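Work through the exercises below on aromatic rings and their partners. Try each task before reading its solution.

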Amino acid sequence: MVKVNGTELDIAGKTVAAYLKTTDYDPKRIAVERNGNIVFKSRYDVTVLEDGDSLEIVSFVGGG
Amino acid sequence: MIPSKKEWTDALITRHGSALHKRFSSATVAICGLGGLGSNIAVALARAGIGRLILIDFDRVDITNLHRQQYKADQIGRYKAEALAENLLEIAPYTEIKAVTEKITGENMVSLLKDADIVCEAFDSAEAKAMLANGVLEQLPDRYLVAASGMAGMDTPNTIRTRKVTKRFYLCGDEVSDAASAIGLLAPRVMLCAAHQAHTVLRILAGEYEV
């Protein structure tokens, strides 16, 4: 299982990019942390989620 | 009459104590975007005695900015970075300020931000916020990033908060109130979020890393 923003999901084995495709997140508005480290944008499609990973997806909204 | 630098420093030390003042006055903070968030962050940090501010915005002051941003009517049309630098020097005359009127991109980000101990993300568009957050976290991993998301509209002020996302990444705001879908941005709620960001900067400099 992979914890995504606090919720356990059965997505181990998928890449970050593949998981994001199953969500409503806009890839241009997010930052993704895996186990406390930023996942480089250029590595979403080669970063494979492992059992026990913790993923934190920050999705920005406009305004400032 | 403007006080001498010694009088100024003594007054800050009286307020903050010499240990905190030393940390604040030796710090460099970059503020990316000088709108409702950035201009208010800058005023708070200049008042607190931050030694050096890097103010970055390519835009100019518009009449529609004045309801929430720290500019004056006679500054309409001026570069925000230059107008804000002037205003800050009226408030806190011994602040060292670098005003940058360039647009931050993936290419110039490191050269613009490398001197900063802490980077404040204070952009307006969600895409620009994400671009800067990813860029700083990827390219300047030993800096602190204090970003903001969600401060628009008439919702309660009590949902504006600060969250520590990772060791060096703090996020302020309610994370949901989008300026595009709400009634827009109102000075107090934007200032609240800016105050969260500015205070988080001071806490990091003070060695208080938890939220």
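**Exercise 1.** Over the ring of which residue does the charged end of R60(B) sit?

*Solution.* The model is predicted: local features need pLDDT of at least 70, side-chain atom pairs count only at pLDDT 80 or more, and totals for chains, interfaces and linings use all residues. Residues are numbered from 1 along each chain as its sequence is written, chains are lettered from A and ligands numbered from 1 in the order in which they are written, and side-chain values use heavy atoms, with hydrogens and water left out. A charge sits over a ring if NZ of Lys or CZ of Arg is within 6 Å of the ring centre and within 35 degrees of the ring normal. The ring is that of Y79(B), with the charged end of R60(B) 4.0 Å from its centre.

**Exercise 2.** How many aromatic pairs does a search of the whole structure find? Classify them.

*Solution.* Apply the cut-offs: rings of Phe, Tyr and Trp (its six-membered ring) pair if their centres lie within 6.5 Å; planes under 30 degrees apart count as stacked, over 60 as edge-to-face and the rest as tilted. The search finds two pairs over all chains. W8(B) and Y94(B) have ring centres 6.2 Å apart and planes at 65°, so this pair is edge-to-face. Y144(B) and Y209(B) are stacked, at 5.9 Å centre to centre and 10° between the planes.

**Exercise 3.** Is Y144(B) buried or exposed?

*Solution.* Buried means under 20% relative accessible area, exposed over 50%, partly exposed in between (1.4 Å probe, protein chains only). Y144(B) has 15%, so Y144(B) is buried.
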